[in-house]
Amino acid sequence: MASGAAAGTLPPAVGPARGLRPVVVAGALALLLVVFAVSVARLEPAARFGWYHDDTVYFASAQALAEGRGYLLPSLPGAPPQTKYPVLYSWLLSWVWRWQPEFPANLNLAVALTAACGGLFLLGSFQLLRRLEGIGEATALGITALCALHPNVLILSGSVLSDMPFAALALGGALLADGALRRGAPPWRAVLAGALIGLSFLTRSLGLVVLAGVLAAALERRLFRSGAAVLAGALPFLLVPVLYSPAPAPPPAWAQGGAWQTWVYYTSYWQFWKFSVPNRDVFLSMVTANLRYLLQAPATFCLFPPPGGARFLPGVLLCITLTFGIASGIVRQARRQEWKPVHFVLLFYAAAVLVWNYAFFDRLLVMFLPLFYAGLWIEGRHLTTMLAAAWRPGRPASEKVVATLLSLALLGMAGAAARFYIVDYRSDFPRMAASRVAAMAERRQAYDWIRRETPPDARLIAYEDVVLNLYTGRAAMRPIAFSTEAFYREDETVLRRDLARITDTARGIGARYWVMTNDDFALDTGTPLIDQRVAALKAVLPVVFRSSGGQVQVYDLGCLQAPDGPGCETARAVLFPNADLARRR
């Protein structure tokens, strides 16, 4: 990846293209940030709290930090140490709890914190784009606006999630490294770049991949001392988990079968990864599927999902073709100017997410959105120039016909992309917000009942278990954490095995009640089978509470804890399917 300059003598970073006065750029960015903030607020972000589950875990751990209890999972029985997520984002959220300790009144402050990080990401995106030769400030502002109003960016900026803080820190570190990895640059710049990257690592473990990409850029530029300075800046933050983080809590004695897999889901990415990827065949299936999703992701970000759905091969191939076009634009621009640290970060990052057993590429790749749009712009200009050349006097008629057909195809795709960006992707937002508001009103009725009718040390089962804990103070867990093997292998056998274990966690923790909501498991794979199993459980468990609209029910688990009790004969077969009851007890 040699740039146009001799190795080790790279030119200074390309400055902003002329044409726009600084006051115009500053005013446009300020207006864009205002529009961005209003757009986030219009999505009623606090109403979506709990949708991702990760958001509730971050916020509950932040509460424990604010109260001086340490970095814990306070909603789980026994409140084990929080060893799944790095500490920085929860630490930032802990200041929200210190400022406003009343839940859920403090959710708006938590969202504002994340949205502010989204704003920093947008400023970093503009700085990245204006440094790319062939973009220019006007185009950089336009692409930044596309990023600011992109549905993924708005949703993540309005969620209590680490995605936008990580994107802001990682992109900021890569941008600082671009200026620091040059002859004559003061060493403190490289140290500062490393510090930002180290902070990104304390936000998400993928920060380590960002560091690897920046160090690779230093090696490519043969600036070894600058690379060492970046590493020196990052090293103190890399050592924080080693020096201060406790080891994952060992599974308690009750964590057997489904209870064990649910426990490690909360406490250890690595243990749950090993459980979900038990052999080479599953690993290869996961990598193959992730590669397909990765090849579609840039086109999905910039244009639209596969026409006809994820299983429609022509639509998938179209998206992959468009991704290659975006990649071609990125490479074309870099070869004309230089390879920047963000390019190396993208390569290392893509390799890392191939083995990540949660294929949420709409979240994992959001920090590269401005780079994808830049590649699309560069390649689009290149194709437009080629098509225009076909219409010059003296060109063959057949060439003009082909150029016309390609132009019409590109116009059609541009129209489809615009419709998806402006209309289709956003059409469900108001409905989702209204649904969440209505569901939460009924959940709060159930939480009020739990506070009245259960002792403070009661343990419960709920799909939105951490939300229940935040409202009631009761320990709770999800009924089961499904192995991702079922998703990657598309194997119902794995899902049926997990569904047979769906009562293990409740029995293990001694839960007396199970809070069920009509939209439980909506984000999981294999919902028909899940719905069948849950319906069978509902048919044999007594209802002790039902919300006013019927969306939330609380079921008594007495027959699960005492299966030989009176009236439990019918329930036993459903609660303990295909198992020897004596062995289970």
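How many disulfides does a search of the whole structure find? One, where a disulfide is a pair of cysteine sulfur atoms within 2.5 Å.

Before you start clicking: this is a predicted model, so local features need pLDDT of at least 70 and side-chain atom pairs count only at pLDDT 80 or more, while totals for chains, interfaces and linings use all residues. Residues are numbered from 1 along each chain as its sequence is written, and side-chain values use heavy atoms, with hydrogens and water left out.

**Stop one: the cysteines.** Select C559 and C568, whose sulfur atoms sit 2.1 Å apart in a disulfide. Look along the S-S bond: the angle is -80°, a left-handed link. C559 is buried at 15% relative accessibility, and C568 is buried at 2% (buried means under 20% relative accessible area, exposed over 50%, partly exposed in between, with a 1.4 Å probe and protein chains only).

Now pick C117, buried at 11%. C319 is in no disulfide either, with the nearest cysteine sulfur, in C302, 11 Å away; C319 is buried at 0%.

**Stop two: the cores.** Select F121, L181, Y349, L365, M367, F368 and F372, which touch the most other members of the largest nonpolar core, a set of 95 residues. (A nonpolar core joins buried Ala, Val, Leu, Ile, Met, Phe, Trp, Tyr and Cys residues through side-chain atoms within 4.5 Å.) Zoom in on F368: V342, V345, L346 and Y349 touch it, not counting residues up to four places away in sequence. Finish at F49, A110, W263 and V552, which are among the 79 residues of a second, separate core.

Definitions and conventions
Contact = heavy atoms within 4.5 Å.
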